[in-house]
Amino acid sequence: RDLFVFGRLVSLEHSRGGPALCEALEQLLVQLSGAWLMQLLLTARRSRGIVGIAAVRIEELQLMTRYHRIELQPGADLCKDPMVRAMCLYELQKCATKSGFSAAEMPRALHLEPNPFSFEAGLQTPTFQLRRDQLLPRYSATLERLFQEMEDLDLAPDEDPWLAAEITGFPPDEMRRAQTARPGVDHMYPAELPQRLVSDSCLRQLHGEAQRNTG
């Protein structure tokens, strides 16, 4: 099918490794990622890459967690659960890789929002464009936290398969296989790998969150 995207130059930002026209990337990923993703705000920092705020459909996330066999506590907030965040980031990375995104254009961290960026809230124009001038200041603290996660990730050593298995629940032998894969390699997903596969960068994020929660 034909996809039509555009990006205003105001959304051209310096990412890690090159420029990124964030608005065009947002539109492409929303069209390709499936029903779980309503809207997406991406922004970049030269030293850290691209991070994003995703407005999501909770019902679709619930279906995805069941498909990927992610166990959640009763009453858990899906948008704040680290495994759900990792799952959504993986789906974005998979779509980005299949679409030929460069390393500079690849989303590296994601925050989930259960409510859309609406016109009534002043976050969308009458022509359904996101108001970056309103969204970026509103989510500045959240975006700064995501960039800090990327700094922690870049400084972290490679994870041991046993540690990754402890975080995700995968057997270590499956984790060794999973960590050799990269998003978008369709012949290895999901037939030859666990359906709950997340990328190695997601695993390091999960490890950082686990350490903070137990610290």
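Reply: Happy to. A bit of housekeeping: this is a predicted model, so local features need pLDDT of at least 70 and side-chain atom pairs count only at pLDDT 80 or more, while totals for chains, interfaces and linings use all residues. Residues are numbered from 1 along each chain as its sequence is written, and side-chain values use heavy atoms, with hydrogens and water left out.

For orientation, the chain has eight helices and five strands (DSSP runs numbered from the N terminus: H or I with at least four residues for helices, E with at least two for strands). Along the sequence they come in the pattern β-β-α-β-β-α-α-β-α-α-α-α-α. Of the 215 residues, 51% are buried (buried is under 20% relative accessible area, exposed is over 50%, and partly exposed is in between, using a 1.4 Å probe and protein chains only).

Three strands form an open sheet in the order 3-4-5, with mixed pairing (two strands pair if DSSP finds at least two bridges between them). The edges belong to strand 3 and strand 5 (107-113), each with a single partner strand, so one side of each has no neighbour in the sheet. On average, neighbouring strands here are turned by 20° against each other, direction ignored (axes are lines fitted to C-alpha atoms, for helices over the stretch in contact, and angles run from 0 to 180 degrees between N-to-C directions). Strand 3 runs antiparallel to strand 4 (residues 49-56), and eight bridges join the two. If you want one to find on screen, Q39 has A55 of strand 4 as its bridge partner.

What lies across this sheet? Helix 3 (residues 82-98) lies across strand 3 and strand 5, at about 130° to strand 5. Helix 3 also packs against other helices. Its axis and that of helix 1 (residues 22-33) come within 10 Å and cross at roughly 105°, so helix 1 and helix 3 are roughly perpendicular (65 to 115 degrees; under 35 is roughly parallel, over 145 roughly antiparallel and the rest oblique). The residues in contact are L29, L32 and S33 from helix 1 and L92, C95 and A96 from helix 3 (contact means heavy atoms within 4.5 Å). By class, that contact holds five nonpolar residues, one polar and no charged (Ala, Val, Leu, Ile, Met, Phe, Trp, Tyr, Cys and Pro count as nonpolar, Asp, Glu, Lys and Arg as charged, and the others, Gly among them, as polar).

Helix 2 (residues 58-67) packs on helix 3 too, at about 95° with the axes 11 Å apart, so these two are also roughly perpendicular. Here L61, M64 and T65 of helix 2 meet V84, M87, C88 and E91 of helix 3. That contact divides into five nonpolar, one polar and one charged residue.

Back at strand 3, there's a charged link to follow. E144 forms a salt bridge with R45, with the closest N and O atoms 3.0 Å apart (a side-chain nitrogen of Lys or Arg within 4 Å of a carboxyl oxygen of Asp or Glu). E144 sits in helix 5 (residues 140-155) and R45 in strand 3 (residues 37-45), so the pair ties together parts 99 residues apart in sequence. Both partners are partly exposed, E144 at 39% and R45 at 33%.

E149 is buried at 7%, whereas R145 is partly exposed at 36%. Elsewhere, salt bridges with shared partners join E13, E26 and R132 into one network.

Strand 1 pairs antiparallel with strand 2 (residues 18-21) over four bridges, and the two form a hairpin with two residues between them. G17, in the turn, has a positive phi of about 105°.
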